[in-house]
Amino acid sequence: MQSDSHPNLEEIKKLPPEEAIALLNALLEKDKENDLLLTLRGQTFWKLNKRREAINDYLCAIKINPESHSKVLLEYAQTILAYYNKDLLNP
């Protein structure tokens with residue numbers, strides 16, 4: 001980890017998801033309007049199947065920065081959640 005106040009986002013991505021979320025929570029306490037941190041935390045929540053938390057982070061990031069990468073991630077999440085395959089549900 002870097003010794004400065006903001007660890008590199010790539011370093012955070014390499015952490016186990018629970019550790020990454022704890023670190024991102026701490027960073028967001030100091031910088032609540034950081035859409036990049038919100039986006040990364042949303043991606044990490046998605047990895048843990050915490051979809052509601054992920055979508056909430058994406059929405060907050062978009063509110064802060066309408067051009068945030070969260071906009072694309074939110075579209076992907078909505079597509080995944082809207083997918084329905086009746087053959088899988090009724091074999």
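Guide: Start with burial: buried means under 20% relative accessible area, exposed over 50%, partly exposed in between (1.4 Å probe, protein chains only). The model is predicted: local features need pLDDT of at least 70, side-chain atom pairs count only at pLDDT 80 or more, and totals for chains, interfaces and linings use all residues. Residues are numbered from 1 along each chain as its sequence is written, and side-chain values use heavy atoms, without hydrogens and water.

Visitor: Why does S68 count as buried?

Guide: Because its relative accessibility is 4%. S68 sits in the loop between α4 (51-64) and α5 (70-82). Helices here are DSSP runs (H or I, at least four residues), numbered from the N terminus. Contact means heavy atoms within 4.5 Å. Leaving out residues up to four places away in sequence, S68 touches D35, T39 and A61.

Visitor: Which residues of α3 are buried?

Guide: D35, L37, L38, T39, L40, R41, G42, T44, F45 and W46. That is 10 of 13, so α3 is mostly covered. Its buried residues pack against α1 (9-13), α2, α4 and α5.

Visitor: How are two packed helices described?

Guide: By the angle between their axes and the distance between the axes. Axes are lines fitted to C-alpha atoms over the stretch in contact; angles run from 0 to 180 degrees between N-to-C directions. Helices α2 (residues 17-30) and α3 (residues 35-47) pack at about 155 degrees, axes 10 Å apart. They are therefore roughly antiparallel, a label for angles over 145 degrees.

Note on methods
Helices (H or I, at least four residues) and strands (E, at least two) are DSSP runs, numbered from the N terminus. Angles under 35 degrees count as roughly parallel, over 145 as roughly antiparallel, 65 to 115 as roughly perpendicular and the rest as oblique.
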